[in-house]
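Please examine the structure shown here before reading the report.

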Amino acid sequence: MAEVPAHKDNPSYKCLLCLSECKIPRQLPCFHTFCTSCLDTYINSEYVIEDNRTYFPCPVCESPCSPNDKEAPVNSWAGSFPLHPNFGSLTCKKTESSGTFCHGCLTDGEESVGSFWCRDCKEVLCKQCRVAHRRSTLLSKHKVIAIEEVTKSDVQLPVTIDETCPHHAGKTIEVYCIDHNALCCVLCLTLSHRSCQNVSSLEDLTKKITPGFVESGLDKVNNESRRIVDEDENKLTALETDYQSMTKDMATMIKKAKDKLDDLQADFETGLEHTYKRNKDILLDRLRTNKMFQTNVQNTNQLMLLMKERGSDCQQFITAEQSKTQILRHARRLQQRTKDKHNTFEIKIKYDETLEKVTNVMTHIGTLDVSSSLSSTSLDALTSIGTIIDTLQSTPFVTPFTKSTSSSDIKGAVGKVAVQSSSGKQRVDVLTGSLSLIKSVHRSVIGGSDSPFLTGGVFIDGEGLHVTEFNNQRILVFDDQYNYVRHYDVDGFPSDITKGFAPNEVLIALLNAPILRCTIQGGVLTTVGSISSPELWGVNTLGDQLLIGKDDSVQFITSNGVQREYFSKSGEFTYVSVSPDGFFSHRDGDVIVSRSRDGTEVFRHMCKGMREPRGITVDQDCNVYVCGKLSGGVHLISPDGSKDTLLLSKMSGFTEPYAIMLHPTRQEVIVTSSQEKVVLEVYKFCGL
């Protein structure tokens, strides 16, 4: 059977999962590409069916990805994503007899033997598809030959790229916003970039491209990632050498101890092997993660070279921007996954003092002393990658404009679209963005006779961030840069704080005591009254009523303390958040429940891996943020509860996150700890 020859100019790309040549490559919305079969296996391993989810996280950057038809069977999702037009040829899919499958049939997941080649489409056709090809008015004039007649020049693949806007269906990318490094269609320009001062059409922009800027940066990233992979491989070899050396040394000692030491030797080797395998698994996981990143960089380098040789200026530019985006996401995920995973393990044996005496009282022959660290080579390379990626993201890809163009100028050229006014600063998409630590507060800064326990907080206009400090019965005050300013003493143990019903009013929840009504003005806290309430932990307001979180329920009470509706739940230390659209959210065991004002459930969502949810809050777009106290991370749930993402798998300076707050105007997340040395951390969202 005939085989379509490979063309030497068609680069070979690798799947980021199997790290082998990409077969039937599928591109996710985040621009990362995988073999169809690898992607299908991964999707099914994500427990999509068991969790009844309509999305899955990208294997590389963990961006939520959904098929166009969310009702389609899960086993068809992988094949529903578009084929990557430039990641090699579909000719890599061979029959058992080294023939080639029909490209059209492969697109639909079918495998039909190809017999023809269309020189215009650059595709293999089976007999049935050949007939359909000939009957099509648009395709009937294409030159179709028998597959035996195909030459290498026939299979040189054309350069194609998807130029449609990922945010607005049917719209083409036409404009670039230099202020935000964003590819835009006309709707993007009018809806999200109307106040931007530096925008340009792609046609004008591609004339000012800085030659080789992105390629040079990616080449540096590739070199640094190679350093990391080489270092990990060397450390893996060293670990293997240590293992073999320790085994040999112990065998020598065992020979001196005669028959009675045989059982003790077995015990030692078991422990040694367990330690070796555990540390080997850590290194293999690091190595795979770093190889995945290196492969991604290599793929991107090849794609950029291909576009440079055969693509138009516009295609080069779009590819470069997409490459920057996906490399940035991957690099940040790489840093999160590997910065705390050591790749240097030094194993030492501490021989028992009585080993050489071989007495009858011996119970063990030695212990393993393992110390691990991240080598300076890997740390330096990882830091360099972060610096290069940040430079690629922040440095313009084009030479400076001699005359800037505002979005209003371009909008005048493309027509007027009626939209509401928007702020000049573009907000980061929190579902795809990442968090970066910008501030840590140590408990020594805020003092206190007992270990500080920060349990809740609220921003007061003009007065800063006010946080309840439970153990020392205080309200802590931080300025707009999260510097500790002062504290107010309260008569009781405060668990939560929220804005009240009147200007400058706050409500403070106390353990086993009435809710305090206070005013804060000019740096002075004044108690003006109290509201009787059942035992509670969290407090919030919805309309003219209070919403309180108890161990067994969430309940409404009036400002006079009259108890109203309640909704049963499980799980203690319950916080309640209220969204701009009037919905409220709370925990029910390890599940997060969102309800409308009348208590009707809007959604019930369980975040994968989250245990013992504590602090909960909602942003201006109604996304729900939750701390997992025992699981150690911060989760984000979309407004409709259809998807979630793990914003932080663990905190930087503590292990158990507790309360969570959001800055009212900046995209910053404040998380407190459960009585640890670092009491508070602040993170900001980074755009992609």
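This report on a predicted model treats a sheet, a loop residue, the nonpolar cores and the cavities in turn.

## An open sheet

Four strands make up an open sheet, arranged in the order E13-E36-E35-E34 with antiparallel pairing.

Opposite Val669 stands Tyr683 in E36.

## A buried residue in a loop

Val490 is found in the loop that lies between strand E17 (484-489) and strand E18 (494-499). Is this residue, Val490, buried or exposed? Its relative accessibility is 11%, and residues under 20% are classed as buried, so Val490 counts as buried.

Apart from neighbours within four places in sequence, Val490 is in contact with Gln473, Arg474, Ile475, Ile508 and Leu525. One of these, Ile475, is 15 residues apart from Val490 in sequence, and the C-alpha to C-alpha separation of the two in space is 7.3 Å.

In soluble globular proteins, nonpolar side chains tend to be buried together. In this model, the largest nonpolar core has 30 residues, and those with the most contacts inside it are Leu465, Val624 and Ile670. Elements giving two or more residues to this core include strand E14 (454-460), strand E15 (464-469), strand E31 (624-628), E34 and E36. A second, separate core consists of 23 residues, among them Cys38, Leu39, Ile43 and Cys58.

What is Ile670 in contact with, leaving aside its neighbours within four places in sequence? Its contacts include Phe459, Leu465, Tyr482, Ile660, Leu662, Leu680 and Val682.

## The cavities

How many cavities of 30 Å³ or more does the structure hold? There are 3, and the largest cavity contains about 160 Å³ of space.

The lining of the largest cavity is formed by 17 residues, and Cys61, Arg333, Thr432, Gly433 and Ser434 lie nearest its centre. Two or more lining residues come from each of helix H10 (313-338), E13 and strand E33 (644-648). Of the elements, H10 gives the most to this lining, with 5 residues.

Key. Residues numbered from 1 in each chain as written. Predicted model: local features only at pLDDT ≥ 70, side-chain atom pairs only at ≥ 80, totals over all residues. Heavy atoms only, no water. Pairing = 2+ DSSP bridges. Buried < 20%, exposed > 50% of the residue type's maximum accessible area, 1.4 Å probe, protein only. Contact = heavy atoms within 4.5 Å. Core = buried A, V, L, I, M, F, W, Y, C linked by side-chain atoms within 4.5 Å. 1 Å grid on protein atoms, 1.4 Å probe; cavity = no way out; pocket = protein on both sides within 12 Å on 5 of 7 lines; lining within 4 Å. Points joined across faces, edges and corners; volume = space filled by probe spheres on them.
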